[in-house]
Amino acid sequence: MLRRLVAALAAIVLVAEAAVLVLVHVVLGRTTASQSMSIAGSDPDVMSKATYALGAGMGAFLLLCAALLAVAALRDRAPGRFARIVLVTAAVTHGLLGAVAVAVVGWPAFAAVMVILCLLVLALMLYAAKPAPTGIQDAPPPALGELRPTNP
């Protein structure tokens, strides 16, 4: 039950983060497009379009992560290999983003990014854990001194 809750919460938070990041990139793109100067010889139109593209790419990546976590929460199964790779990539990215956020934006942004990182790592770890034993075993343990046949 806890795994499903954490995965669903992480998916919701990633959707919200995707929306915020896309909005920030739209504002930055419009600001860059409205300027009438060149920064180190760069074209403002190219910078504006690159900002829009980066925002769309980041939003799509975070929505993919959210979808993978939502599927894991609905099925209550561990994510597959591709999904784990994508989610670990998102976790590493959030770790690096947190280091940048504390230097550029401040501690509240760092705390927000670390909460998302914790949710991602917790979801990955909860689905990686082995399920608890049900109390029913397939075969009784061997008696003291008794040898079990091994399969070659």
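Q: Does Arg3 count as buried, exposed or partly exposed?
A: Arg3 has a relative accessible area of 25% in this predicted model, where local features need pLDDT of at least 70 and side-chain atom pairs count only at pLDDT 80 or more, while totals for chains, interfaces and linings use all residues. Residues are numbered from 1 along each chain as its sequence is written, and side-chain values use heavy atoms, with hydrogens and water left out. Buried means under 20% relative accessible area, exposed over 50%, and partly exposed in between, with a 1.4 Å probe and protein chains only. Because its relative accessible area is 25%, Arg3 counts as partly exposed.

Q: With which residue does Arg3 form a salt bridge?
A: A salt bridge is a side-chain nitrogen of Lys or Arg within 4 Å of a carboxyl oxygen of Asp or Glu, and a search of the whole structure finds one. In this pair the closest N and O atoms are 3.4 Å apart. The two residues lie in distant parts of the chain, 73 residues apart, with Arg3 in helix α1 and its partner in the loop between α2 and α3. The partner of Arg3 is Asp76.

Q: What is the phi of Asp76?
A: Most residues other than glycine have a negative phi. Asp76 is placed in the loop between α2 and α3 and is partly exposed, with a relative accessible area of 26%. Although Asp76 is not a glycine, its phi is positive, at about 55°.

Q: In what order do the elements of the protein run from the N terminus on?
A: Helices (H or I, at least four residues) and strands (E, at least two) are DSSP runs, numbered from the N terminus. The protein has four helices and zero strands. From the N terminus on, the elements therefore run α-α-α-α.

Q: Which residues is Leu87 in contact with, leaving aside its neighbours within four places in sequence?
A: Contact means heavy atoms within 4.5 Å, and Leu87 is among the residues with the most contacts inside the largest nonpolar core. Leaving aside neighbours within four places in sequence, the contacts of Leu87 are Cys65, Leu69, Pro79, Leu120 and Leu124.

Q: Which element gives the largest share of the lining of the largest pocket?
A: On a 1 Å grid over the protein atoms alone, a pocket is an open set of points where a 1.4 Å probe fits, with protein on both sides within 12 Å along at least five of seven lines, and lining residues have an atom within 4 Å of a point. The largest pocket is lined by 13 residues, of which Val20, Leu21, Val24, His25 and Met58 lie nearest its centre. Two or more lining residues come from each of α1, α2 and α4. The largest share, seven residues, comes from α1.

Q: Is His25 buried or exposed?
A: His25 is found in helix α1 and is one of the residues nearest the centre of the largest pocket. Leaving aside its neighbours within four places in sequence, His25 is in contact with Thr51, Tyr52, Leu54, Gly55 and Met58. Because its relative accessibility is 10%, His25 counts as buried.

Q: How far apart in space are Leu63 and Glu17, C-alpha to C-alpha?
A: Leu63 lies in helix α2 and, at 43% relative accessibility, counts as partly exposed. Leu63 and Glu17 are 46 residues apart in sequence, and their C-alpha to C-alpha distance in space is 9.1 Å.

Key. A nonpolar core is a set of buried Ala, Val, Leu, Ile, Met, Phe, Trp, Tyr and Cys residues joined through side-chain atoms within 4.5 Å.
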